[in-house]
Amino acid sequence: MNLFGKNTDHEVAIIAEIGVNHEGDPDAALKLLRMAAEAGADAVKFQTYTPARYASASDPERLIRVGQFALDEKAHQALAREAEQLDVSVFSTPLSEDVVPLLDELFPAFKIASGDLTFEPVIRAALGTGKPVILSTGLGEMAEIEQAIAWARDEVGDAVLRDRLLLMHCVSAYPTPIDQANVLSVPFVAEKTGLRVGYSNHVIGPDACLAAVALGA
């Protein structure tokens, strides 16, 4: 798969995760993008959502907090322009399916969060754009992974599925103890699904990443 200027069958594409660490400040988001590019990342990832569709009104404190951390359309456009100037790829995780059209307009790929492995609307919406989709599998069982793959297959068909969907082995612990990284899941899931499988790292330090690369991530 060609992704972020790399042939992932032979090269490692390094993605820097920003998420919402900008805390809703567009200038901080741009600064973090620049820092990631300067550090040598091939791509930089953010998170995008409509607060009222991501957090329940029954938890008003959380709704206010996630609202404060959300970037608007103008901020996303600024990120796209800055990334072009820096010659680095930028993309985002849609945490609500209604933001997929905006991300499709601006960015070259999508990332689906582990928590949305079973969220059919956002998976179908992202795959329906025809762009590459990276799907994290943290906390997922094989049956749930296979169901997500089936939704993807419905959207793009068998012929191009392998070039549209990339799985990411992920352990949803922050940080993940290195003895729980379970990087052997990379070749296991690849064999089970027939898809390319990368590694999403939550372990402090590079050791788990190096092990995953050695196993084919």
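Hi everyone, let's start with an open space: the largest pocket holds about 1,100 Å³. This is a predicted model, so local features need pLDDT of at least 70 and side-chain atom pairs count only at pLDDT 80 or more, while totals for chains, interfaces and linings use all residues. Residues are numbered from 1 along each chain as its sequence is written, and side-chain values use heavy atoms, with hydrogens and water left out.

A word on how the pocket is found. On a 1 Å grid over the protein atoms alone, a pocket is an open set of points where a 1.4 Å probe fits, with protein on both sides within 12 Å along at least five of seven lines, and lining residues have an atom within 4 Å of a point. Points are joined across faces, edges and corners, and the volume is the space filled by probe spheres set on them.

Helices (H or I, at least four residues) and strands (E, at least two) are DSSP runs, numbered from the N terminus.

Let's stay with S9. Both of its faces are covered: Val-197 and Tyr-199 on one side, and Gly-198 and Ser-200 on the other, are all buried. Buried means under 20% relative accessible area, exposed over 50%, and partly exposed in between, using a 1.4 Å probe and protein chains only. S9 pairs with S8 in the parallel sense, over four bridges; two strands pair if DSSP finds at least two bridges between them. Within S9, Val-197 is the bridge partner of Leu-167.

Is Asn-201 buried or partly exposed? Partly exposed, because its relative accessibility is 26%. Leaving out residues up to four places away in sequence, Asn-201 touches Ala-208 and Cys-209, where contact means heavy atoms within 4.5 Å. Its C-alpha atom is 8.2 Å from that of Ala-181, 20 residues apart along the chain.

Over in S8 we find Cys-170, which counts as buried because its relative accessible area is 6%. Cys-170 and Tyr-199 are 29 residues apart in sequence, and their C-alpha atoms are 6.3 Å apart. Setting aside neighbours within four places, Cys-170 has contacts that include Ser-114, Ser-136, Ser-200 and His-202.

Now to the inside. In soluble globular proteins, nonpolar side chains tend to be buried together. A nonpolar core is a set of buried Ala, Val, Leu, Ile, Met, Phe, Trp, Tyr and Cys residues joined through side-chain atoms within 4.5 Å. The largest one here has 59 residues, and those touching the most other members are Leu-33, Phe-46, Ile-123, Leu-135, Leu-165, Leu-167 and Tyr-199. Helix H7 (residues 142–156) gives the most to this core, with six residues. Apart from it lies another core of five residues, among them Tyr-49, Val-66, Leu-95 and Ala-113.

Strand S5 (residues 89–94) is mostly covered, with six of its six residues buried. In a regular strand the side chains alternate between the two faces of the sheet. On one side of S5 are Ser-89, Phe-91 and Thr-93, and on the other Val-90, Ser-92 and Pro-94. Strand S4 (residues 43–48) pairs with S5 in the parallel sense over six bridges, and Gln-47 stands opposite Thr-93.

Finally, some backbone details. The peptide bond from Tyr-174 to Pro-175 is cis, with omega near -5°, and Pro-175 belongs to the loop between S8 and helix H9. Two residues other than glycine have a positive phi: Phe-4, near 55°, and Asp-87, at about 60°. Phe-4 counts as buried because its relative accessible area is 11%, whereas Asp-87 counts as exposed because its value is 74%. Asp-87 lies in the loop between helix H4 (73–86) and S5.
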